[in-house]
Amino acid sequence: PERALEAMWDQEPKSLKELNAIIAKAGPLVPGATQAVFGEGPAHAEIVFVGEQPGDQEDLQGRPFVGPAGKLFTKAMTEAGIDRKDVYLTNAVKHFKFEQRGHRRIHSKPTAGEVKHYRPWLVKELELVKPKLVVALGGTALLALTGKSTPITRSRGRARFGSYEGYVTVHPSYLLRLPDEATKREAYEAFLNDLRRIHDLAQ
Ligand code: URA
């Protein structure tokens, strides 16, 4: 499998800039995305957060975590003592995939095949950033990092992703989808607790 992975590269990217150029050139697997959304943050950040795929706003702005889920995530990081500017934010899948409903573009979840397609780029991204801690935000990130489909509830907390120390928590968009305020508040508090632990683990 190592060999197969290596064979994918015409030229091995030596920097995030070179890696991103390769991703941009490859284009979306499913047509429709405006642009690739690359990882963002310091080239050697201590913490890498891995999300699922860019959403509508991310696709338009070309930046990760700038839509509703991203705003909630940024607020939670601040409350947990993590400065968004200090961490590296990326996604398992680098292009937005959606269903058009009238004027709205509704996010559609990437398939396991799509996650696999983007995986070598994520692996390379981590190799280049060399973080102390890699955080999976939700099931798609966890699948991308482990190759296995595991429920978040069972793997939440400290983890190991190959040679990286890891941590598993929910995706911030899950917090937005919860039905009532009390459940939302409780889930948000649990997410904050995870972020505080993540902050401490990366010290
Ligand atoms: N959700 C994600 O997983 N990533 C983003 O960049 C935005 C929303």
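**View A. His95 and its partner Tyr118 in the predicted model.** We start with a pair of side chains: in this predicted model, the side chain of His95 makes a polar contact with that of Tyr118, at 2.7 Å. To find His95, look in the loop between β2 (88-91) and β3 (98-101). Is His95 buried or exposed? With a relative accessible area of 5%, His95 is buried, because the cut-off for that label is under 20%.

**View B. The hairpin of β3 and β4.** Moving on to β3 itself, this strand pairs with β4 (residues 104-107) in the antiparallel sense, and 4 bridges link the two. One bridge to pick out brings Arg101 together with its partner in β4, Arg104. The hairpin has 2 residues between its strands, and Gly102 there takes a positive phi near 65°.

**View C. Arg84 and Thr74.** Here the view is of the loop between α4 (68-79) and β2, where Arg84 has its place. The side chain of Arg84 makes a polar contact with the side chain of Thr74, at 3.0 Å.

**View D. Val66 in the loop between α3 and α4.** At the other end of the search for α4, the loop that joins α3 (56-61) and α4 holds Val66. Val66 is buried as well, and its relative accessible area is 11%. How many residues apart in sequence are Val66 and Asp56? They are 10 residues apart in sequence, while their C-alpha atoms are 9.5 Å apart in space.

**View E. Strand β5 and its buried side chains.** Take a moment with β5 (residues 133-137): 5 of its 5 residues are buried, so the strand is largely enclosed by the rest of the structure. In a regular strand the side chains alternate between the two faces of the sheet. Which residues of β5 point one way and which the other? Leu133, Val135 and Leu137 point one way, Val134 and Ala136 point the other way, and all of them are buried.

**View F. The neighbours of β5.** Next come the strands that pair with β5. Strand β1 (residues 47-51) runs parallel to β5, and the two pair over 4 bridges. Within this pairing, Ile47 has Leu133 of β5 as its bridge partner. Strand β7 (residues 164-169) is also parallel to β5, and 5 bridges join them. In this case Val135 stands opposite Tyr167 of β7.

View G. Our last stop is the ligand, and the space it takes is the largest pocket. Around the ligand are Gly51, Glu52, Gln53, Pro54, Glu58, Pro64, Phe65, Asn91 and His171. The side chain of Asn91 places an N or O atom 2.6 Å from a ligand nitrogen. For His171, an N or O atom in the side chain is 2.6 Å from an oxygen atom of the ligand. Taken alone, the ligand exposes 230 Å², and the protein buries 93% of that.

Methods. Residues numbered from 1 in each chain as written. Predicted model: local features only at pLDDT ≥ 70, side-chain atom pairs only at ≥ 80, totals over all residues. Heavy atoms only, no water. Buried < 20%, exposed > 50% of the residue type's maximum accessible area, 1.4 Å probe, protein only. Pairing = 2+ DSSP bridges. Near = heavy atom within 4 Å. Polar contact = N/O pair within 3.5 Å; in protein donor to acceptor, adjacent residues only side chain to side chain. Areas by Shrake-Rupley, 256 points an atom, 1.4 Å probe, with all protein chains shown as cover. 1 Å grid on protein atoms, 1.4 Å probe; cavity = no way out; pocket = protein on both sides within 12 Å on 5 of 7 lines; lining within 4 Å. Sits in = over half its atoms within 2 Å of the grid points.
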